[in-house]
Amino acid sequence: MAQSNPIQQRMEQLGEMWNDTVKNADIKVVIIRVNKNDEDMIEAFFDFMLGVDTDIRDIAIQFQTPINEPENFSRELVEELASVVNEWNTADKKAGFPFTAIHWTPDYSGPADKNTASLFVKNINSFTKQLKLAKDVYVAPILFMYSSDAKKANDWIKNVIEAGQHPQIKILVTDTIEEPIFNTSLEKYRGQVVLLEPELNMPQ
(Lines give C-alpha, C1' and ligand atoms only; values in the text may rest on other atoms or scores of the structure.)
Protein backbone atom coordinates (compact mmCIF):
# COMPACT_ATOMS: atom_id res chain seq x y z
CA MET A 1 0.00 0.00 0.00
CA ALA A 2 1.41 3.39 -0.97
CA GLN A 3 2.39 5.67 1.90
CA SER A 4 0.67 9.07 2.10
CA ASN A 5 2.93 12.11 1.76
CA PRO A 6 3.92 14.19 4.84
CA ILE A 7 1.26 16.85 4.22
CA GLN A 8 -1.44 14.22 3.85
CA GLN A 9 -0.23 12.63 7.08
CA ARG A 10 -0.60 15.99 8.88
CA MET A 11 -4.12 16.34 7.54
CA GLU A 12 -5.06 12.87 8.75
CA GLN A 13 -3.51 13.49 12.17
CA LEU A 14 -5.42 16.75 12.52
CA GLY A 15 -8.57 14.94 11.46
CA GLU A 16 -8.05 12.37 14.22
CA MET A 17 -7.53 15.16 16.77
CA TRP A 18 -10.72 16.86 15.63
CA ASN A 19 -12.80 13.68 15.69
CA ASP A 20 -11.56 12.77 19.18
CA THR A 21 -12.26 16.29 20.50
CA VAL A 22 -15.80 16.80 19.24
CA LYS A 23 -17.01 13.55 20.85
CA ASN A 24 -17.16 15.48 24.13
CA ALA A 25 -20.69 16.84 24.40
CA ASP A 26 -19.63 19.68 26.74
CA ILE A 27 -17.36 21.29 24.16
CA LYS A 28 -18.84 24.25 22.31
CA VAL A 29 -15.77 26.04 20.90
CA VAL A 30 -12.51 24.53 19.66
CA ILE A 31 -9.49 26.83 19.39
CA ILE A 32 -6.73 25.60 17.11
CA ARG A 33 -3.48 27.38 17.94
CA VAL A 34 -0.41 27.15 15.73
CA ASN A 35 2.76 29.03 14.85
CA LYS A 36 2.19 31.84 12.41
CA ASN A 37 4.26 30.08 9.79
CA ASP A 38 1.87 27.11 10.00
CA GLU A 39 -1.26 29.10 9.16
CA ASP A 40 -1.21 27.81 5.57
CA MET A 41 -1.15 24.23 6.86
CA ILE A 42 -4.16 24.84 9.09
CA GLU A 43 -6.06 26.46 6.25
CA ALA A 44 -5.23 23.41 4.13
CA PHE A 45 -6.73 21.29 6.92
CA PHE A 46 -9.92 23.35 6.81
CA ASP A 47 -10.14 22.57 3.09
CA PHE A 48 -9.43 18.92 3.92
CA MET A 49 -12.46 18.97 6.26
CA LEU A 50 -14.65 19.79 3.25
CA GLY A 51 -13.62 16.62 1.41
CA VAL A 52 -16.02 13.73 0.87
CA ASP A 53 -13.27 11.09 1.04
CA THR A 54 -11.98 11.78 4.58
CA ASP A 55 -12.81 10.34 8.00
CA ILE A 56 -14.40 13.64 8.99
CA ARG A 57 -18.17 13.39 8.59
CA ASP A 58 -18.93 16.82 10.04
CA ILE A 59 -20.25 19.74 7.99
CA ALA A 60 -17.48 22.35 7.94
CA ILE A 61 -18.37 25.88 6.84
CA GLN A 62 -15.59 28.42 6.35
CA PHE A 63 -16.55 32.00 7.22
CA GLN A 64 -14.24 34.66 5.82
CA THR A 65 -15.95 37.61 7.54
CA PRO A 66 -13.64 39.43 9.99
CA ILE A 67 -14.91 40.66 13.36
CA ASN A 68 -14.56 44.39 12.83
CA GLU A 69 -17.71 45.71 14.48
CA PRO A 70 -19.17 43.19 16.98
CA GLU A 71 -22.68 44.64 16.67
CA ASN A 72 -22.65 43.84 12.93
CA PHE A 73 -20.68 40.59 13.03
CA SER A 74 -23.63 38.24 13.51
CA ARG A 75 -25.58 39.69 10.61
CA GLU A 76 -22.52 39.54 8.36
CA LEU A 77 -22.00 35.89 9.28
CA VAL A 78 -25.64 35.07 8.57
CA GLU A 79 -25.39 36.80 5.19
CA GLU A 80 -22.29 34.74 4.42
CA LEU A 81 -24.07 31.54 5.48
CA ALA A 82 -27.00 32.40 3.21
CA SER A 83 -24.54 32.90 0.34
CA VAL A 84 -22.89 29.53 1.03
CA VAL A 85 -26.28 27.78 1.05
CA ASN A 86 -27.33 29.46 -2.19
CA GLU A 87 -24.05 28.49 -3.84
CA TRP A 88 -24.50 24.88 -2.70
CA ASN A 89 -28.04 24.73 -4.02
CA THR A 90 -27.35 26.31 -7.41
CA ALA A 91 -23.81 25.20 -8.34
CA ASP A 92 -23.30 22.68 -11.13
CA LYS A 93 -22.64 19.21 -9.73
CA LYS A 94 -20.66 16.40 -11.30
CA ALA A 95 -22.60 13.31 -12.26
CA GLY A 96 -22.92 10.99 -9.30
CA PHE A 97 -22.13 13.72 -6.75
CA PRO A 98 -24.16 13.08 -3.54
CA PHE A 99 -26.35 16.21 -3.55
CA THR A 100 -29.27 17.16 -1.35
CA ALA A 101 -30.68 20.68 -1.53
CA ILE A 102 -30.66 22.68 1.72
CA HIS A 103 -34.08 24.19 2.39
CA TRP A 104 -33.05 26.90 4.82
CA THR A 105 -33.55 30.65 4.74
CA PRO A 106 -32.00 33.23 7.06
CA ASP A 107 -34.03 35.04 9.71
CA TYR A 108 -32.75 38.57 10.26
CA SER A 109 -35.32 39.53 12.87
CA GLY A 110 -33.46 40.94 15.83
CA PRO A 111 -33.41 39.19 19.19
CA ALA A 112 -34.85 40.95 22.22
CA ASP A 113 -31.58 40.84 24.17
CA LYS A 114 -28.36 42.78 23.57
CA ASN A 115 -26.26 39.69 22.97
CA THR A 116 -24.31 40.47 19.77
CA ALA A 117 -24.01 36.76 18.90
CA SER A 118 -27.71 35.92 19.25
CA LEU A 119 -28.61 36.51 15.61
CA PHE A 120 -25.85 34.22 14.38
CA VAL A 121 -26.58 31.54 16.98
CA LYS A 122 -30.30 31.60 16.17
CA ASN A 123 -29.60 31.12 12.47
CA ILE A 124 -26.83 28.53 12.73
CA ASN A 125 -29.10 26.62 15.13
CA SER A 126 -32.01 26.63 12.68
CA PHE A 127 -29.64 25.69 9.85
CA THR A 128 -28.34 22.74 11.87
CA LYS A 129 -31.83 21.55 12.79
CA GLN A 130 -32.88 21.66 9.14
CA LEU A 131 -30.02 19.33 8.15
CA LYS A 132 -31.36 16.53 10.41
CA LEU A 133 -27.89 15.13 10.97
CA ALA A 134 -27.05 11.85 12.68
CA LYS A 135 -26.36 12.41 16.37
CA ASP A 136 -22.60 11.94 15.96
CA VAL A 137 -22.27 14.44 13.10
CA TYR A 138 -21.66 18.12 13.78
CA VAL A 139 -21.83 21.47 12.02
CA ALA A 140 -18.43 23.17 12.33
CA PRO A 141 -18.46 26.91 11.59
CA ILE A 142 -14.83 27.93 11.02
CA LEU A 143 -13.91 31.51 11.93
CA PHE A 144 -10.52 32.94 10.94
CA MET A 145 -9.50 35.09 13.91
CA TYR A 146 -5.69 35.15 13.72
CA SER A 147 -5.47 38.94 13.81
CA SER A 148 -8.67 39.77 15.66
CA ASP A 149 -8.86 42.18 18.57
CA ALA A 150 -8.61 39.98 21.68
CA LYS A 151 -11.36 41.71 23.63
CA LYS A 152 -13.79 41.65 20.72
CA ALA A 153 -13.02 37.99 20.02
CA ASN A 154 -13.38 36.85 23.64
CA ASP A 155 -16.54 38.88 24.16
CA TRP A 156 -18.04 37.27 21.08
CA ILE A 157 -17.17 33.75 22.31
CA LYS A 158 -18.80 34.66 25.65
CA ASN A 159 -21.94 35.80 23.83
CA VAL A 160 -22.05 32.63 21.70
CA ILE A 161 -21.96 30.43 24.78
CA GLU A 162 -24.58 32.51 26.58
CA ALA A 163 -26.86 32.49 23.52
CA GLY A 164 -27.06 28.69 23.65
CA GLN A 165 -25.88 26.93 20.51
CA HIS A 166 -27.37 23.67 19.21
CA PRO A 167 -25.59 20.62 20.74
CA GLN A 168 -24.49 19.52 17.27
CA ILE A 169 -22.53 22.72 16.62
CA LYS A 170 -18.81 22.91 17.35
CA ILE A 171 -17.38 26.33 16.52
CA LEU A 172 -13.77 26.27 15.36
CA VAL A 173 -11.60 29.40 15.64
CA THR A 174 -7.97 30.10 14.79
CA ASP A 175 -5.25 31.43 17.07
CA THR A 176 -1.45 31.74 17.04
CA ILE A 177 1.21 30.75 19.54
CA GLU A 178 3.06 34.05 19.04
CA GLU A 179 0.01 36.24 19.70
CA PRO A 180 -2.65 34.16 21.49
CA ILE A 181 -5.96 35.97 21.88
CA PHE A 182 -8.25 33.36 23.47
CA ASN A 183 -6.64 32.70 26.86
CA THR A 184 -9.48 34.57 28.57
CA SER A 185 -12.10 32.29 27.02
CA LEU A 186 -10.07 29.17 27.80
CA GLU A 187 -9.81 30.20 31.45
CA LYS A 188 -13.41 31.34 31.87
CA TYR A 189 -15.11 28.49 30.02
CA ARG A 190 -13.02 25.47 30.92
CA GLY A 191 -14.55 22.35 29.45
CA GLN A 192 -16.69 24.34 27.01
CA VAL A 193 -13.83 26.06 25.19
CA VAL A 194 -10.85 23.80 24.48
CA LEU A 195 -7.44 24.21 22.89
CA LEU A 196 -5.79 22.13 20.19
CA GLU A 197 -2.07 22.73 19.59
CA PRO A 198 -1.06 20.30 16.87
CA GLU A 199 2.57 19.53 16.13
CA LEU A 200 3.01 20.48 12.49
CA ASN A 201 6.78 20.49 12.02
CA MET A 202 7.51 19.10 8.57
CA PRO A 203 10.44 16.71 8.13
CA GLN A 204 13.45 18.32 6.48
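**Helix and sheet chat**

Biologist: Where does H3 lie in this one?
Modeller: H3 lies across S2 and S3, and runs at about 125° to S2. Keep in mind that this is a predicted model.

Biologist: What's the strand order in that sheet?
Modeller: It's an open sheet of five strands, ordered S2-S3-S4-S1-S5, and the pairing is parallel. S2 and S5 (193-196) are the edge strands, each pairing on one side only. From one strand to the next, the twist averages 25°.

Biologist: And how many bridges join S1 to S4?
Modeller: Six bridges, with S1 (residues 29-34) and S4 running parallel.

Biologist: Which residue in S4 does Arg 33 stand opposite?
Modeller: Asp 175.

Biologist: OK, switching to H4. How many residues does it have, and how far does it reach?
Modeller: H4 covers residues 118-131, so to speak 14 residues, and reaches 20 Å from its first C-alpha to its last. That's close to the 20 Å expected at 1.5 Å a residue.

Biologist: Which of the H4 residues are buried?
Modeller: Ser 118, Leu 119, Phe 120, Val 121, Asn 123, Ile 124, Asn 125, Phe 127 and Thr 128.

Biologist: Which residue follows H4?
Modeller: Lys 132, and its phi is positive, near 50°.

Notes. Residues are numbered from 1 along each chain as its sequence is written. This is a predicted model: local features need pLDDT of at least 70, side-chain atom pairs count only at pLDDT 80 or more; totals for chains, interfaces and linings use all residues. Side-chain values use heavy atoms; hydrogens and water are left out. Helices (H or I, at least four residues) and strands (E, at least two) are DSSP runs, numbered from the N terminus. The expected span of a helix is 1.5 Å times one less than its number of residues. Buried means under 20% relative accessible area, exposed over 50%, partly exposed in between (1.4 Å probe, protein chains only). Two strands pair if DSSP finds at least two bridges between them. Axes are lines fitted to C-alpha atoms, for helices over the stretch in contact, and angles run from 0 to 180 degrees between N-to-C directions. Contact means heavy atoms within 4.5 Å.
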